[in-house]
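Please work through each task before reading its solution.

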Amino acid sequence: MAVLKVKFTKTKRDKLAQVLWILNWISVVTGAVLFILGLFLKVEINKRVELMAERDIQYVPNMLIAVGLIACAINFLGGKICYDCVDTTKFLRWKLIMLPYIVCTFFFTFCVLVGALMCYSMRGELEESLTLGLTQAMRFYKDTDIPGRCFLKRTVDLLQIQFQCCGNSGYKDWFQIQWISNRYLDMSQQQVVDRLRSNVEGKYLMDGVPFSCCNINSPRPCIQQQVTNNSAHFHYEHQTEELNLWMKGCRQALLEYYTNIMQSIGLTVLITWLFELSVLTGVRYLQTSLENVLRQGDPDSESDGWLLENSFMETARINLNIIKSLGKNNHIHTAKNGDPNIDIPSTSKAHYGPDNVPPKTIKEAS
């Protein structure tokens, strides 16, 4: 029994073909949108690639770019097919192509769905990449005179100003690293020397943060040095007072920024998947209804269209049998080692006589 069978008149078939032609061209536009979104995401990631560890997080934008290009090509071909299917005689040139086209498009729509899910599953890998990358960038913040690292100070400062954040998970992360280069330390001061000697690794650690951590909305002048020393500042209590530093960590700020982008792109891709699936459903109805018209021989007659000619279970069983038969044929071919004469009976074992001539058959007298 056919699944979701619908009866089509010639007028309905023509209108369906015309509507599908328009929808396929809309799908070409949506494919271009996916391509642009993939490029946008790739550019946004590359903007701050110095702040990310070497993780394979480019697979999402790369897949969106590939899916967008394939969508343009597939739907362009689908538009041409649907345009020709308005005329039943022109359908003959596409008759053998439509079923493989529908199967390939079905698997393509599955890839679109995978792309949408990947947009929502990227957060974990992105967070790990940002955690490691920001930690490394903060460690190299002071290396302004070392080639390959001299740009990181500017990158981190711009990040903290633009995203109103400080440190990796918070401003106290700066207390754990030396972010001032030794070339800017006055070694003639005993206080500096003592601080260097007090650290096992010989690092100059202090309870201070870079200027880019200062909250520009605070009415008080920025306190970026001796942040935890209450006596160093007038009317100041760092444990109870809201500091005039950005409280949010840059990892959280960047993660929220990219998550919002990924959720928006994921929703767009999901809507595109539903749209592509609906167009594919219409193409399947058009194909089956036109094939039934050819069987009837009357191009103006009514015809049935369906999604599946048999039930889901029956279709699955038939396809499983086809796969099994292909597997058996491949097994037999492997066993033969490619010898085309293996099934030809050999006459070397037959011994009919001294001249190897089979004896004549003598009919018995009635």
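**Exercise 1.** Does cysteine 82 count as buried or exposed?

*Solution.* The model is predicted, with local features needing pLDDT of at least 70, side-chain atom pairs counting only at pLDDT 80 or more, and totals for chains, interfaces and linings using all residues. Residues are numbered from 1 along each chain as its sequence is written, and side-chain values use heavy atoms, leaving out hydrogens and water. Buried means under 20% relative accessible area, exposed over 50%, and partly exposed in between (1.4 Å probe, protein chains only). At 1% relative accessibility, cysteine 82 is therefore buried.

**Exercise 2.** Determine how many disulfides there are, taking a disulfide as a pair of cysteine sulfur atoms within 2.5 Å, and describe how they are arranged.

*Solution.* The count by this rule is three disulfides, and, with bonded cysteines counted along the chain, their pattern is 1-6, 2-3, 4-5. Cysteine 82 is in no disulfide, since the nearest cysteine sulfur, that of cysteine 85, is 6.0 Å away.

**Exercise 3.** Characterise the link between cysteine 165 and cysteine 250.

*Solution.* The S to S distance of this pair is 2.1 Å, and the link, with 90° about the S-S bond, is right-handed. Cysteine 165 lies in the loop between α6 and α7 (190-198) and cysteine 250 in helix α8, so the pair ties together parts that are 85 residues apart in sequence; helices here are DSSP runs (H or I, at least four residues), numbered from the N terminus. Cysteine 165 is buried at 0% relative accessibility, and cysteine 250 is buried at 2%.

Technical notes: Helices (H or I, at least four residues) and strands (E, at least two) are DSSP runs, numbered from the N terminus.
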